[in-house]
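Visitor: I'd like to go through this model piece by piece. Can you put it up first?

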Amino acid sequence: MVEIFGIPSYALFGQLLIGLINGSFYALLSLGLAVIFGMLNIINFTHGAQYMMGAFAAYLMLQYLGVDYWIALVVVPILIGATGILIERLFLQHIRKLDHLYGLILTFGLALIIEGLFRNQFGSSGKPYQIPALLQGGRNLGFMFLPNYRAWVIAFSLVVCFATWFAIERTRLGSYLRAATENPALVRAFGINVPRMVTLTYGFGVGLAALAGVMAAPIYNVSPQMGSDLIIVVFAVVVIGGMGSILGAIVTGFALGVIEGLTKVFFPEASSTVIFVIMAIVLLIRPAGLFGRTV
Amino acid sequence: MAETSALLAVTDLQAWYGESHILHGASFEVRAGEVVTLLGRNGVGKTTTLKSIMGMVEQRAGSVRFDGRELIRLSSDAIARAGIAICPEERGIFSSLDVRENLLLPPQLLPGGLDLDHIFELFPNLRERQASQGTKLSGGEQQMLAIARILRTGARLLLLDEPTEGLAPVIIQQIGRTIGALKAQGFTILLVEQNFNFAATIADRYYVMEHGRIVDHFPTAALAANMGKLHEYLGV
Ligand SMILES: Nc1ncnc2c1ncn2[C@@H]1O[C@H](COP(=O)(O)OP(=O)(O)OP(=O)(O)O)[C@@H](O)[C@H]1O
Ligand SMILES: [Mg+2]
């Protein structure tokens, strides 16, 4: 058997794979948070609940409408993104000029309500979601076994992250977004409908969370608290990466997933706390986060 | 007053920031093709006047008519679409955008804007600096960029807020020539200036502001006769 640093290779690569999977979700979720924070100046505490709604929507659509994974992957982010647009129009737009704290409390309250409603309706036990037929099974790479679905999740989230980064940093629409993040009043005075951009940005961020939820459904059980479990770690990721940095959110998400996975191999006792330890260290050395712009 | 009717007619303009009442009924007008300068000491409300015309001050009242259309209740994006553009006092160059992105940011809203080649003829420095980060430009270049980017939009009325502030004399001259060229192209310009000597080289008429009101106005021809009064108004 192949060993690396005295660790059997399948264990090492197995944990690396789990780290990359977790990292994919950290990256997708912290990316959405970063996009929303940049434009709305709101720390979206509803994000975990919206991720959970994505997973549930996929589950329910499969269960009751026979809508398969691939269609859900497209339809669910649009659907849940639309509920985000509604939330922005109904609530968030009215507290834009108030202190950050109001947005935080409002979105946190919404998360509690949404999760409560789902728990009432569906109970707290996890519901299984079948891996789509096309991606069942896996391949033996020699040094490890790679399930197809997990490979897909990593590859697809990389693509989504890159596409989002590209759209924001390299396109004309993205330049509107960056400019409106810096000085919304002036961008509006140039004739751009900034309030509509803000609404759509929130919808997009929520849609990303829902997309992550659909992708997570076949890996983790679909349950009302799946979001709140994950989101705590994601907030630590965001703090480490720095609020508002798109690239920072992506890189930190994947990197911390991997670090967490490797910690599980080399120092299992610390695996659940390592991210928070890193967060504390980063906060001491670079309070704005690794990629954050100091304001 | 006017042989041609005003392109911009501001009547009894009032503005507030929260509790503080800043504009107390300013009235003035700008005719098509004119360069009109708003003079006044620090803090009298010149910037607030431009921002109120542009719709960037939330609490405002009175009347702002542009091309016959009332703008006082419109949002700033709607006012931009009506054909007004602002070059703010702090310049407002975006640091997360490169020079080209800054230049292309304001969308073309109306026909008749300048094309990029034309803009680069007016501001040759910007052509070579297109890939630089917007805020890496020198102060003078940033000012050029702030003016340049509103020329593409098709706006007919340009609101320029102290474009010479803090710049070297050579650059000020260059900006003066540019404003002259823009006037020749048919742009109408409302300029806020404290640099009186600069304003004298390009303006057709002057309004003097004090405590949020227009207290005097005269054409460039009457400048010499009004010199004494002006020194008093401006405290120079
Ligand atoms: N955002 C704001 N909130 C509250 N008060 C403001 C704000 N902006 C300006 N003011 C106040 O309004 C008054 C007029 O300011 P304004 O900027 O219009 O003056 P100005 O004539 O442009 O002065 P300057 O020549 O220094 O640019 C000042 O007393 C200023 O302190
Ligand atoms: Mg001013």
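**Metal site, sheet and ring pairs**

Guide: B:Thr47 is partly exposed, at a relative accessible area of 21%; buried means under 20%, exposed over 50%, and partly exposed in between, with a 1.4 Å probe and protein chains only. This is a predicted model, where local features need pLDDT of at least 70 and side-chain atom pairs count only at pLDDT 80 or more, while totals for chains, interfaces and linings use all residues. Residues are numbered from 1 along each chain as its sequence is written, chains are lettered from A and ligands numbered from 1 in the order in which they are written, and side-chain values use heavy atoms, with hydrogens and water left out.

Visitor: Which protein donors does the magnesium ion have?

Guide: For ligand 2, the magnesium ion, they are B:Thr47 through OG1 and B:Glu89 through OE, at 1.9 to 2.3 Å. Donors here are N, O and S atoms within 2.8 Å of the metal (3.2 Å for Na, K and Ca), and sites may look incomplete because water is not among the atoms.

Visitor: And where do those two residues sit?

Guide: B:Thr47 is in helix H1 of chain B and B:Glu89 is in the loop between strand S6 (84–87) and helix H3 (99–104) of chain B, 42 residues apart. B:Glu89 is partly exposed, with a relative accessible area of 25%. Helices (H or I, at least four residues) and strands (E, at least two) are DSSP runs, numbered from the N terminus.

Visitor: On to the sheet. What is the strand order in chain B?

Guide: S2-S1-S4-S5, an open sheet of four strands with antiparallel pairing. Two strands pair if DSSP finds at least two bridges between them.

Visitor: Which strands stand at the edges?

Guide: Strands S2 (20–31) and S5 (69–70) of chain B; each has a single partner strand, so one side of each lacks a neighbour in the sheet. S5(B) pairs with S4 (residues 59–66) over two bridges, and B:Arg65 has B:Glu70 as its bridge partner.

Visitor: What packs on the sheet?

Guide: Helix H1 (residues 46–54) of chain B, which touches strand S1 (6–17), S2 and S4 of chain B. The direction of H1 makes about 110 degrees with that of S1(B). Contact means heavy atoms within 4.5 Å; axes are lines fitted to C-alpha atoms, for helices over the stretch in contact, and angles run from 0 to 180 degrees between N-to-C directions.

Visitor: How many bridges join S1(B) and S2(B)?

Guide: Nine, in the antiparallel sense. B:Ala9 stands opposite B:Glu29 in S2(B). The two strands form a hairpin with two residues between them, and B:Gly18 in the turn has a positive phi of about 60 degrees.

Visitor: Different topic. How many aromatic pairs are there over all chains?

Guide: 19. Rings of Phe, Tyr and Trp (its six-membered ring) pair if their centres lie within 6.5 Å; planes under 30 degrees apart count as stacked, over 60 as edge-to-face and the rest as tilted. One of the pairs is A:Phe25 with A:Tyr51, edge-to-face at 6.5 Å centre to centre and 70 degrees between the planes.

Visitor: Are A:Phe25 and A:Tyr51 buried or exposed?

Guide: A:Phe25 is buried at 0%, and A:Tyr51 is buried at 1%.

Visitor: What about A:Trp70 and A:Trp152?

Guide: Those two also form an edge-to-face pair, 5.2 Å centre to centre with 70 degrees between the planes. A:Trp70 lies in helix H3 (residues 69–90) and A:Trp152 in helix H5 (residues 148–170) of chain A, so the pair ties together parts 82 residues apart in sequence.
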